[in-house]
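Dear colleague,

Please find below the structure that I am handing over to you.

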Amino acid sequence: MAQARAHPNIALVKYWGKAPGSDNKPASPSISLTIDELETVTRVSAAKKETIRLNGKLVQDKKISNFLRLFDEAFGTGPLNIESSNNFPTGSGLASSASGFAALVTALNETFELGLDLPERSIWARRGSGSAARSMCSGIATLEEVSGDWQAREISAPSRWPLSVVVAITTEDRKSVSSSVGMERSRSTSPFYKAWIANATKEFDTCKAAIKNKDFQQLGMITESSCLQMHAVMMSSYPALIYWNEVTVNCIRAVREMRSQGLDVFFSIDAGPQIKAICLPEGSSKVESLLRNVKGVKRTINCGLGLGAHTVTND
Ligand code: DP6
């Protein structure tokens with residue numbers, strides 16, 4: 001038996017669309033920040049029959065079961081008992097599938113002493129959920145095509161350029177359309193989808209340069225642009241994917257207002273209504289207290305950059 005911990009990540013250049021084929025390869029490269037504070041802890045052990053417990057509750061999860069079948073075909077791991085807990089709301093746009101699959105692959109690698117290296121672990125995590133590949137890495141990571149396969153790479157350690165992410169929770173409800181279903185809907189119906197994918201590679205390069213130069217303004221511009229383009233693709237899909245609520249919009253306005261008052265901060269939003277405000281550590285308490293006062297915000301969590309998925313000693 002082994003246990004692993006992983007943190008969610010927030011994409012700066014978003015992944016929203018898959019390449020043709022069945023191996024869950026993205027259609028475009030992405031970049032993200034792995035955050036601390038929020039975490040998934042997953043235990044894996046051999047069992048007579050597969051059981052999956054999420055936050056203490058027995059569940060049937062097709063995405064996890066399909067992944068375990070693939071893993072079993074590759075490594076002969078047999079039926080397993082999986083116990084996974086999140087210290088944050090599951091399935092509500094806080095990247096629980098990213099931390100979930102990253103922790104699962106790390107625990108599987110340890111349980112069966114497979115000796116998979118970081119690129120291999122990230123490829124396996126990606127097969128479970130695209131964004132999970134990036135949660136294998138600490139700090140800032142890319143998910144890009146390297147030697148013919150899509151894998152994650154750490155491009156900036158947490159100590160090289162410490163950034164803060166203030167998460168504002170606007171609702172703890174689960175999202176109604178999963179990312180996989182949403183991406184397919186966007187691919188097949190949004191008139192903007194092709195342009196979005198074509199533009200992502202350009203933005204990926206600009207974002208990498210901003211990180212290399214520690215250029216906060218440039219990073220903020222690219223991140224908000226990638227986020228809003230992705231939501232434009234979502235909203236122009238049919239039926240429209242509208243992941244925001246009115247509190248999300250209140251928070252966008254609040255972040256823009258903070259910026260006009262001279263605070264270094266920008267926002268990002270994933271497939272859910274939560275806001276992630278990215279700022280410099282010295283400004284994070286101020287950003288947090290301002291976001292906490294936005295009408296409708298339930299609570300805030302002030303995060304730094306976190307570590308990639310790692311094993312933890314069993315209790
Ligand atoms: C909006 O990684 O959850 O968070 O590969 O289908 O599991 P699947 O999708 P997933 O999609 C993440 C979408 C996003 C943007 C991002 O994290 O890049």
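**Domains**

The centres of domain 1 and domain 2, taken over C-alpha atoms, are separated by 22 Å. The contact between these domains takes 31 residues from domain 1 and 46 residues from domain 2, contact meaning heavy atoms within 4.5 Å. Domain 1 covers residues 2–158 and domain 2 covers residues 164–303; these bounds come from an automatic or database domain assignment.

Please note that this is a predicted model, in which local features need pLDDT of at least 70 and side-chain atom pairs count only at pLDDT 80 or more, while totals for chains, interfaces and linings use all residues. Residues are numbered from 1 along each chain as its sequence is written, and side-chain values use heavy atoms, with hydrogens and water left out.

**Ligand site**

Around the ligand there are 18 residues, of which Tyr15, Lys18, Lys63, Ser131 and Ser180 come nearest; a residue is near a molecule if one of its heavy atoms lies within 4 Å of it. Polar contacts (pairs of N or O atoms within 3.5 Å; within protein, one must be able to donate a hydrogen and the other to accept it, and residues adjacent in sequence count only if both atoms are side-chain atoms) are listed here:

- Tyr15: an N or O atom of the side chain is 2.6 Å from an oxygen atom of the ligand.
- Lys18: a polar side-chain atom lies 2.6 Å from an oxygen atom of the ligand.
- Ser131: a polar side-chain atom lies 2.6 Å from an oxygen atom of the ligand.

Taken alone, the ligand exposes 460 Å², and the protein buries 95% of that; accessible areas come from the Shrake-Rupley method with a 1.4 Å probe, and for residues only the protein chains shown count as cover.

Domain 1 and domain 2 each supply at least three residues to the shell around the ligand. Helix α4 (residues 179–189) provides the largest share, three residues; helices (H or I, at least four residues) and strands (E, at least two) are DSSP runs, numbered from the N terminus.

Ser99 lies in helix α2 (residues 96–111) and is buried, with a relative accessible area of 0%. Buried means under 20% relative accessible area, exposed over 50% and partly exposed in between (1.4 Å probe, protein chains only). Not counting residues up to four places away in sequence, Ser99 touches Ala6, His7, Pro8, Thr40, Phe88 and Ser135.

Ser164 is found in strand β10 (residues 164–169) and is also buried, at 6% relative accessible area.

With kind regards
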